[in-house]
Amino acid sequence: MAMQHDQDIYWMQRALELARRGVGVASPNPAVGCVILDCAGQVIGEGWHEYDLLDHAEVAALKIARQHAAASLRKDRLRGGTAYLTLEPCNHTGRTGPCTQALIEAGIKRVVAATGDPNPNVTGHGMESLRAAGIETVMGVCQAEARRINEGFARWIRHKRPLVLMKVAMTLDGRIGPPPGHHAAGEPYWITNGASRQNVQLLRWQADAALTGVDTVLADDPQLTDRSGLRRRRPLLRVVLDSALRMPLDSKIARTADFDVVIFTVSRDEKKIFELTRRGVRVEVLPAEHGRVPLGAVLEMLGAEGVLTVLTETGTRLNTALLAGGLVDRAHIFVSPQIMGSDAVPAFKGLASPIHMAAVEVERYGNDVGLCSLLRDPWKADGDS
């Protein structure tokens, strides 16, 4: 049994590698990988999901498997085989047919899944359908890794809101910018090193949207684009929260807008809205909440547009508001080994209670240190501990 368990882990790790190929191209669907072994335990098919190609990972792998079986003149190679899936197979018809039926018709006799479907209305149904057809099922192999890949999908499918990843680059004393007068407005000021900033590009690639505040635009004039060079299905949506509509028309974000920028505001300045719109910037006017853009409403609107994950790259006020509102799901903190002093700009200010980071992952980026922790588990139902 131990050897079998080790084999399951081995092949699930391969399925996870395949699932990661779907990052950037599967959204708004989950990134899923599949490995199929024939009745002799040999790999006969592999697949992963890409949204625009329609086929789910299981179907893509089965197509390859059938080609290999035909080429070897052994069309029955699939019968009695095993399928390794990073996510429970679907048992319903959407853009495609149910994957459970495809596995059953192929003659697969054993299905190993890393985790169930995060949708509480359908979880378990896929495996139940397979068991009803006489297929052996195993659930939970490499579950934590599989769930990490699809945290955004889990948050979205449960609450129709995107997963919020908070990125903060700060000094040892928790500062994100130099003291007033020590930095020219509109010029970037790098707290962390190049290796840390390269990792931020990977975070942007994994996200559907990047969110910042107009204060950050005025201070640093960021471009806020995905410069990872990696393939993605749709452009990174650049989101700016700008209550008074202070966005400069000559800012890098406004100048490079190509219908991939949306500003959320409570201002009804029609002239400014017109000028931004003609530059390819979408402006959404929301009802004010304490005089500012309501963060919850922004997340709901992004979720309605199929945004699964949003990376926040904001300043003191928004960092604090997002944490205080319990809206941050995962935090990525990049810490530079320098001290700026109390006159410098703080990362957070005025939190009513401490925010505890549990199960912290630690990475080194040269002399910088990266800290990553899950603050809210999107896979858990409301009320779960």
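I started with V298, which touches L211, L241, F264, L286 and V293, leaving out residues up to four places away in sequence; contact here means heavy atoms within 4.5 Å. This is a predicted model, where local features need pLDDT of at least 70 and side-chain atom pairs 80 or more, while totals for chains, interfaces and linings use all residues. Residues are numbered from 1 along each chain as its sequence is written, and side-chain values use heavy atoms, without hydrogens or water.

Next, the core. I found V298 listed with V239, L241 and F264 as having the most contacts inside the largest nonpolar core, which has 29 residues. Such a core is a set of buried Ala, Val, Leu, Ile, Met, Phe, Trp, Tyr and Cys residues joined through side-chain atoms within 4.5 Å; buried is under 20% relative accessible area, exposed over 50%, partly exposed in between (1.4 Å probe, protein chains only). Apart from this core lies another of 24 residues, A102, A106, A113 and A154 among them.

Then α12. Its buried residues are T316, L318, N319, T320, L322 and L323. Just after α12, I noted G326 with a positive phi of about 65°. Helices (H or I, at least four residues) and strands (E, at least two) are DSSP runs numbered from the N terminus.

Buried or exposed: which is K272? K272, in helix α10 (residues 270–277), counts as buried because its relative accessibility is 16%. Beyond four places in sequence, I see K272 in contact with L245, R246, M247 and L249.

Last, V362 in strand β15 (residues 361–365): it counts as exposed because its relative accessibility is 54%.
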